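Take a moment with the sequence and the fold. Then work through the questions below.

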Amino acid sequence: MGDLYRSFATFLQALLIIFGTLFYITSHPETLRLILEKSLQGSGATVKNVEGSLPYGLKIYGFKYKDSIFIERVKVRYSLLSLISLNPTIDLVDVYGLKLYPERFEKEDEKSGNKSGMVLPPLVISNMELERGVVYTKPLANFDAAAKNITLRPNGVSIEKILADIDTEYGRARMDGSFKNMILEAKGDLKVAKRYSQKLSPYLENAPERYPVQLRLDQSSLRVSTTLKEPLSVRDVNVSLSRIRLSGEYLLKERYLKAKASYDLSTTILEAKMEQSAVVTLFGAYALKSRGAIVKSLHRLPFKKFDIDAAGDKTIFMADTYAGPYLLSLYSSDYEEFALNLHAKPHKIDYIENLPQIFSNQYIEAEANATAHLLPELKAKGVLKVDGNYSIAKSYFEVTKKSLLMRSEVKPKERRGGIWENLPDPLVSDIVTFIYLSGEKKIFNLISSKATVTLFEKSGSLNGWADIGSLVLEADGRVTKEGRADIDFDGHIDSLHKLLNDFNITTDPKIDAQIKSRFHLSLGEDISLQYKVEIPWYLVETDSQHIYYGLDSKLAGSIEKNLIRVDSYTAGFKDRRFEQKRPSSFRVDENLTIYVDELAILDSLSARGLYELKHKRGSFSLRGKNAHYKGVEGSIEADVDISASISDRMVEAEGEIFVKDALITYRPKKDFRVEDEDIVIIQDIKEPSRTKKALNIHIYSKKPLKYEIPEVSADFIPDITLWKESGKPLGILGMVKITEGSIDAADKHFKILPSEIYFGGSNPINPYLDLHIGYELDFYRFNIYVSHTLSKPLFLFSSEPPMSQNDIMSYILFGAPADETFGRGGELSGSVASLLLGSSLKKAIGGATGVRFDTLNILSTPDGRFGIEIGKRIGKRLRILYRNDTVSSFIIQYRASRSIRVDIDVKDTGQGINILYVKDIGKIKGL
């Protein structure tokens, strides 16, 4: 037992001596220096000074590695037991003043191995802190970092978590990542430096202060990407970018940069999805590609996708843009002079909105060649050719920083077709234009065979004139530097008919007028036009017998954007004048639809509706309460409610007119009469309109209206409908009730007793009559009844007390019975009485109506009634008689010579021809 104790004590003493010796050796500073020098031998790394010992930790000063890595101080803290355990662990490595020079890094030979001959075991660093690190790149990068759980193995390094703050001249970044399998991956955000955010501020709105960044670094490349959730807006151009994704990759071995970008582009006129890529080398060579897909466009475009391919280096630039039928190419060998070529394949230009169909149906081909100089100042010149179906245009242009000069020629390929199809021959000619624009003056000139236009602007003063046929136009105004313009135009047309004739334009009906106009045009942020138009006279000649005219018509209003206002107008029509001070307004949209918001008519009527010019169709309404009209025909007050639809195939109108009060003083006039038999009137027979018409207008009144002319006065109540079916003539349905009235003729006063006129829709209009006319003389009362139709009236007479038909007619015409009037004891043959009565009646009617007849006889019928015979001579040889006794008949009498007359008798029951030979027998010899 004592031996065992002595042996154990001896072992402990020896163990203590060994550990004490080892502790002394490891704690000695020279031991630490010796180990560090041995481990760094042959690696290219050196240190200036080392403090501490292996058991308690150490500090290294002035670490240097091959002129690429410099460290002011490295502090290492660990537990000796942890360091010598199976899993060696260092608690903390604190690095201060790290300087990295990436361009000085040398490529290592992967087969060379560790030249020091010392193999280090796997080592774990629990925490690592780095302060005031600098990476000497362009630009310079300062950073502070912290890392946890760093594992050092012979085949590599892994870092579980890295936190770093990086500061460059572009901005500050905070990154959070890891390093595994020789790959560094990190996420964070980047705050752009103030100097760059201030540069972007004038161009971008809503630019974020911080950008999310993703980073990946391996042995071959450095990748950086970001995604912006909020859209960016470009100031002043209404352009915004959204769903932005940016990525870049720098290939370390190949030493060039690849970049990609994708975003949604939105402007006021289109939306597109964009994808772009670029390759840039350190030697200045680059290649760019852009792809765009149109998602939405305000205007039609000839393409849905476009591509841009560009490449170049420090001296050469080439780019091609492909967009549907268009190809635009640019080339430069010095970035100072550029060659431009534009080619458009033959294509239809129907994508241009609101272009008249005559243009949109054309195919065009275009070619442009130009050269542009950027230095010492911008200058470009070239030629543009456009070849269409029916025209050829060629323009020469020269553009500098201060001016634009362009001369263009347009020549028709064919005199008929395309834009020239509907133009008169004088307008189908070569057109030459000249444009010069500079800071001091601007000139525009247009010359054709029938028109000359010149505009001249200098120092803000604008003048111009135009002669277009018989139209004379002058312009005068001012233009400001800010782009605002105020221009007055004065136009004068002595004869509209002559102006139209200058261009071989004819109208049907014939129209002529004198027109004076003045316009004030204001151009600024908005465009407005004030106008005043005077028409001293106009006339419309529908045919040789009908001419309509007006004097002193005026129109005033304004146009702003698509709104047309008529502030007031005065229209003359024959002896009538229509003045309107209520405003009217119209609108025109991009589809060439005219909206009539309100057209003021009379004092309270308003017309509203729309008309589509493209489709030639529209709908309108005319409504108003208590509308008044007063003119030479009389005065009227009415409520109107009418709706109408119009197209090139059909015109329909329906509604009602409620006449509240009226005084009609219109007397029908015979405006055209030729009595000379040697004058032959030839009228144009017009082709019937192919537009179908339908009409249903109800005209009525609830109280009597008045009709007054010097000879006639009547109160009547209308309840009629103007009715027309498609393809059928106009008819009138309803009735007119005459409540009372009077007729004054040949110093006699007749009373119109309650009567009716019925309209059954016949054509020509032939109403049924139910007229009752009364006449009183002394103590006698006479009644005249008119019945049947207007074309075949029947007359009945009665009296109180009862009298014979001869006495009734005698009293009405002469104021006395037949026996006193004609003598012979009252006995008078019917033919003689009728002759005398007819003569008197003819005189009475002629005096009352102004109608002159050669013959007007009263005929006695077998049943005791009266008939009538009216005759009129037309020329020397022709005479027409109308007879209505038992039947109605027309007799046409033609005198072939002094002795021979031909009578043609047309009756309801048939017709016949009589040839009469008349000879004065008193001249026969022997008698």
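Q: Is Glu185 buried, partly exposed or exposed?
A: Buried means under 20% relative accessible area, exposed means over 50%, and partly exposed is in between (1.4 Å probe, protein chains only). Glu185 has 42% relative accessibility, so Glu185 counts as partly exposed.

Q: What kind of model is this?
A: Residues are numbered from 1 along each chain as its sequence is written, and side-chain values use heavy atoms, leaving out hydrogens and water. Local features need pLDDT of at least 70, side-chain atom pairs count only at pLDDT 80 or more, and totals for chains, interfaces and linings use all residues, as this is a predicted model.

Q: Which residue meets Glu185 in a salt bridge?
A: A salt bridge puts a side-chain nitrogen of Lys or Arg within 4 Å of a carboxyl oxygen of Asp or Glu. Here the N to O distance is 3.4 Å, and the partner of Glu185 is Arg216.

Q: How many residues apart in sequence are the parts tied together by Arg216 and Glu185?
A: Strands are DSSP runs (E, at least two residues) and helices likewise (H or I, at least four), numbered from the N terminus. Arg216 lies in strand β12 and Glu185 in strand β10, so the parts tied together are separated in sequence by 31 residues.

Q: Which strand holds Lys289, the salt-bridge partner of Asp309?
A: The side chains of Asp309 and Lys289 meet at 3.7 Å, N to O. Asp309 lies in strand β19, so the pair ties together parts that are 20 residues apart in sequence. Lys289 lies in strand β18.

Q: How many aromatic pairs are there?
A: Rings of Phe, Tyr and Trp (its six-membered ring) pair if their centres lie within 6.5 Å. Planes under 30 degrees apart count as stacked, over 60 as edge-to-face, and the rest as tilted. By this rule the count is nine.

Q: How are the rings of Phe317 and Phe338 arranged?
A: Their centres are 6.0 Å apart. Their planes stand at 70°, so the pair is edge-to-face.

Q: Is Phe338 buried or exposed?
A: Phe338 lies in strand β22 and Phe317 in strand β20, so the pair ties together parts 21 residues apart in sequence. Phe317 is buried at 17% relative accessibility. Phe338 has 14%, so Phe338 too counts as buried.

Q: How are the rings of Tyr548 and Phe573 arranged?
A: The ring centres are 6.0 Å apart. The planes meet at 15°, so the pair is stacked.

Q: Which ring lies under Arg587?
A: A charge sits over a ring if NZ of Lys or CZ of Arg is within 6 Å of the ring centre and within 35 degrees of the ring normal. Arg587 is 4.7 Å from the ring centre, over the face of Tyr595.

Q: Which residue follows α7?
A: Helix α7 spans residues 805–814. Next comes a residue whose phi is positive, near 80°: Gly815.
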